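Biologist: Hey, I'm new to this one. Can you walk me through it?

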Amino acid sequence: MRQFVSSIDPDKRGILILSGKDYRYFRQVLRSKKGDMIDVRLPDGKLQNMTLASIDDDSKTIELQVCANTAPAQDIKGNDTNYYLFQFMPRPQKFELIVKSATECGVLKIIPVFGKYSEKSSIQAVSTKRERFEKIVKEARQQSGSPVNTEILEPLTLEEAVEYWKNVAPENEKTAFVLSERTENCADFPGKLTSPEVKNVAIAVGSEGGISPEEVEILEKGLFGRLHFAVNILRCETAALYGIAAVQVAKSTAK
């Protein structure tokens, strides 16, 4: 279900005036015409039916009008579980693919981690290209209809990332996995995912060079269990998507 993600609310008249990149999105991507209807995701997360009331190509503005006497737009079911991706930083181009896929999958937080095999330029890219990544998130939400407001945090060291996860929720309300190429000492999967109390699930995924044994040990001390998939060796961008899908399926089928 395609949607438009708005950063502002309609005014008291129920009018939403758009310009700039949003104008180009409607004209060049959606090829919208006056009278078209679209679902708009408002800042509070509500999905609202709106009509394209007017297009001014001279001023490059579009007016959307809240549909009168209509029921709220039918929303897709959102996650009742919060998903977190701790991504050891790969090259910027691969990180863009990971951000896009994670957003479409409804991941709540993407936490870039500066690991042993991460390039310094990759970490710098997250901070200097913040607008670029936010655009990717918005476009992915609009394309997929995701109700989750995916957020990319500032890059963290591994120790900072572990501390962040410790503070997310009480231990009985969360579980986490680090994807491992080795089969030994792996966690019980789905294990705690079957518990209805667990509402926060995280996976940690390595960069192109993977995650070092020392880093895996730090993650284990931070409540991350090792998780091995008996599949081919996956690229980091594929592993992230595969891992997210696996824990989501395991969580949903455990209900």
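**Salt bridges and packing**

Modeller: Let's start with lysine 21, which is partly exposed because its relative accessibility is 49%. Buried means under 20% relative accessible area, exposed over 50%, and partly exposed in between, with a 1.4 Å probe and protein chains only. This is a predicted model, where local features need pLDDT of at least 70 and side-chain atom pairs count only at pLDDT 80 or more, while totals for chains, interfaces and linings use all residues. Residues are numbered from 1 along each chain as its sequence is written, and side-chain values use heavy atoms, leaving out hydrogens and water.

Biologist: OK, and which side chain meets lysine 21 in a salt bridge?

Modeller: That's glutamate 131, at 2.9 Å from N to O. A salt bridge here is a side-chain nitrogen of Lys or Arg within 4 Å of a carboxyl oxygen of Asp or Glu. Lysine 21 sits in helix H1 (residues 20–29) and glutamate 131 in helix H4 (residues 130–144), so the pair ties together parts that are 110 residues apart in sequence. Helices (H or I, at least four residues) and strands (E, at least two) are DSSP runs, numbered from the N terminus.

Biologist: Is glutamate 131 buried or exposed?

Modeller: Exposed, because its relative accessible area is 55%.

Biologist: How many salt bridges does the structure hold?

Modeller: Eleven. One of them joins arginine 130 and glutamate 154, with the closest N and O atoms 2.8 Å apart. Arginine 130 is in helix H4 and glutamate 154 is in the loop between strand E8 (151–152) and strand E9 (156–157), so this pair links parts 24 residues apart in sequence.

Biologist: And is arginine 130 buried or exposed?

Modeller: Buried, because its relative accessible area is 19%. Glutamate 154 is partly exposed, at 42%.

Biologist: Switching topic: how do H5 and H6 pack?

Modeller: Helix H5 (residues 158–166) and helix H6 (residues 213–221) pack at an angle of about 20 degrees, with axes 10 Å apart. So H5 is roughly parallel to H6. Axes are lines fitted to C-alpha atoms, for helices over the stretch in contact, and angles run from 0 to 180 degrees between N-to-C directions. Angles under 35 degrees count as roughly parallel, over 145 as roughly antiparallel, 65 to 115 as roughly perpendicular and the rest as oblique.

Biologist: Last one: where is tyrosine 242?

Modeller: In helix H7 (residues 236–253). Tyrosine 242 is partly exposed, with a relative accessible area of 35%.
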